[in-house]
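Keep the structure open while reading.

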Amino acid sequence: LQFLYLIAMGTTMRAAAAGLAWACCVYAVDAGGCNGNGRFRDDVAQCECASCFYGEHCEAFNTSCAIDDLKGNPLLHEEYWAAHPLPTVAADTLSYRTGYQWDLAALHGVPPRQGSLLPALNASITRLHTLVGNVRPRQLQNLVLGCGCTELIDAAIYACAKRHRRPGRKMFVYARAPYYGGYASASTLALAEDELGFTTDATLDPADVIEFVTYPNNPTNEGRSPSYGGRAACTVYDSVYMWPDLWANFTLPQMQPQIQLFSMSKLSGHAGTRFGWGVTEDAGLAALMAQYVKVSSRGPSVDAQLKVLSVLDHYNRDGGKGLSGFFQWIHGKLAARWGVLNGLIGSGSRQTRFTQLAEPHGFYAWVRCEVPAEAGDCAGVFAGAGVEVTPGGKFGAGAEYVRLEMVQNDVLFSLLAERVATLV
């Protein structure tokens with residue numbers, strides 16, 4: 001499918017008065033006849049409509065619908081893959097690898113069985129990081145696969161706690177606000193409540209702490225250093241956003257992470273595939289993480305593994321030309337969107353109602369309501385304009401903050417820009 005990026009003048013009176021233009025990005029009318037407001041899904045022979053559109057052909061629009069801008073769903077990337085289809089892979093056949101797969105520990109000292117996908121995945125992931133330069137080579141000695149980074153966060157906590165928790169002592173998962181809220185919920189899964197908890201206290205005994213550093217941070221897209229200065233029992237770098245299209249001038253962490261996490265959802269947009277990986281120099285931690293994954297889910301399906309391998313082959317071909325082309329495409333799309341948002345509520349605007357605080361070109365904007373009467377419920381301000389955003393409390397911050405998503409599909413971003421314009 002081909003997608004169109006249409007530039008339209010703002011339809012609100014305030015936007016028109018300011019001479020504001022924003023990118024009104026819509027799906028092109030596809031072969032399934034979804035009126036440019038959705039995508040035809042061959043597997044169910046139906047249109048999947050963009051948020052707020054409905055009908056057999058997505059022909060109707062619900063004017064009272066609130067835009068769901070909460071999930072960080074990377075549908076932006078779908079446009080790239082529609083324009084760069086990959087060869088049909090063997091997973092499309094019903095006879096493909098129907099048996100159980102028992103190779104989760106294959107990269108931790110146990111040789112993989114002949115015919116396993118894991119050596120090819122290991123080589124492709126290693127090649128990817130070598131091309132990008134976002135992992136130190138010795139970190140790539142041990143690779144752990146999981147069903148997305150969410151499972152690997154749990155696995156890292158489990159491994160670190162099993163390795164470092166002292167008898168009779170409670171360990172704590174620590175993250176500095178604003179932080180990804182998944183760390184707090186994950187801390188309740190790995191061990192019993194009296195053995196493990198979550199904290200934002202940076203003054204605890206480092207031996208009792210597992211520190212998570214999102215690098216760059218969600219939601220602010222800034223590079224951070226560990227609050228415990230690397231003295232925590234474990235320091236885990238969640239590096240899912242550490243790619244050139246999202247963080248153009250990234251630098252390696254000053255200290256080597258004990259564990260570093262990545263996922264396909266933030267790299268390629270394949271969030272539904274549920275595939276992530278962790279890298280570590282420590283074979284013992286890798287084995288404990290793999291143990292957790294084995295009990296939790298048995299790891300990513302073989303169909304997901306093959307799909308990921310196909311994407312990585314696209315990136316790595318011709319000395320990384322596929323990768324650089326992909327990064328340039330995503331960065332260009334995000335730069336255009338950030339230009340729109342910056343003109344509305346960023347440094348390019350004249351309004352004083354909001355301040356945009358995130359470093360640009362990332363997945364999210366981090367916005368603060370500046371009017372005292374609105375600071376107690378900034379999310380409510382956006383909800384009043386028909387935009388459901390994530391409140392600051394989800395990240396350990398105050399109610400004066402909200403997170404806006406920048407990677408939704410084109411139709412939704414156009415609606416977001418239009419409704420935000422009514423607030424300024």
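At the start of helix α7, a side-chain oxygen of D282 comes to within 2.9 Å of the backbone nitrogen of G284. The model is predicted.

**Helix α7: extent and ends**
- Helix α7 covers residues 283-296, 14 residues in total.
- From first C-alpha to last, α7 reaches 20 Å, close to the 20 Å expected at 1.5 Å a residue.
- Just after α7, R298 has a positive phi of about 70°.

**Helix α7: buried face**
- L285, A286, M289, A290, Y292 and V293 are the buried residues of α7.
- Viewed down the axis of α7, these buried residues fall within an arc of 155°, so they line one face of the helix.
- In general, an α-helix has 3.6 residues a turn, so residues three or four places apart point the same way.
- The strands packed against by the buried residues of α7 are β8 (142-146), β12 (234-238), β13 (259-263) and β14 (276-280).
- The buried residues of α7 also pack against a helix, α4 (148-164).

**Second largest pocket**
- The second largest pocket holds about 440 Å³ of space.
- Its lining counts 28 residues.
- K71, Y180, Y241, K266 and Y364 are the lining residues that lie nearest the centre of the second largest pocket.
- α4 gives the most, with four residues.

Methods: Residues are numbered from 1 along each chain as its sequence is written. This is a predicted model: local features need pLDDT of at least 70, side-chain atom pairs count only at pLDDT 80 or more; totals for chains, interfaces and linings use all residues. Side-chain values use heavy atoms; hydrogens and water are left out. Helices (H or I, at least four residues) and strands (E, at least two) are DSSP runs, numbered from the N terminus. The expected span of a helix is 1.5 Å times one less than its number of residues. Buried means under 20% relative accessible area, exposed over 50%, partly exposed in between (1.4 Å probe, protein chains only). The arc is that of the directions from the helix axis to the C-beta atoms. Contact means heavy atoms within 4.5 Å. A polar contact is a pair of N or O atoms within 3.5 Å; within protein, one must be able to donate a hydrogen and the other to accept it, and residues adjacent in sequence count only if both atoms are side-chain atoms. On a 1 Å grid over the protein atoms alone, a cavity is a set of points where a 1.4 Å probe fits but cannot get out, and a pocket is an open set with protein on both sides within 12 Å along at least five of seven lines; lining residues have an atom within 4 Å of a point. Grid points are joined across faces, edges and corners, and a volume is the space filled by probe spheres set on the points.
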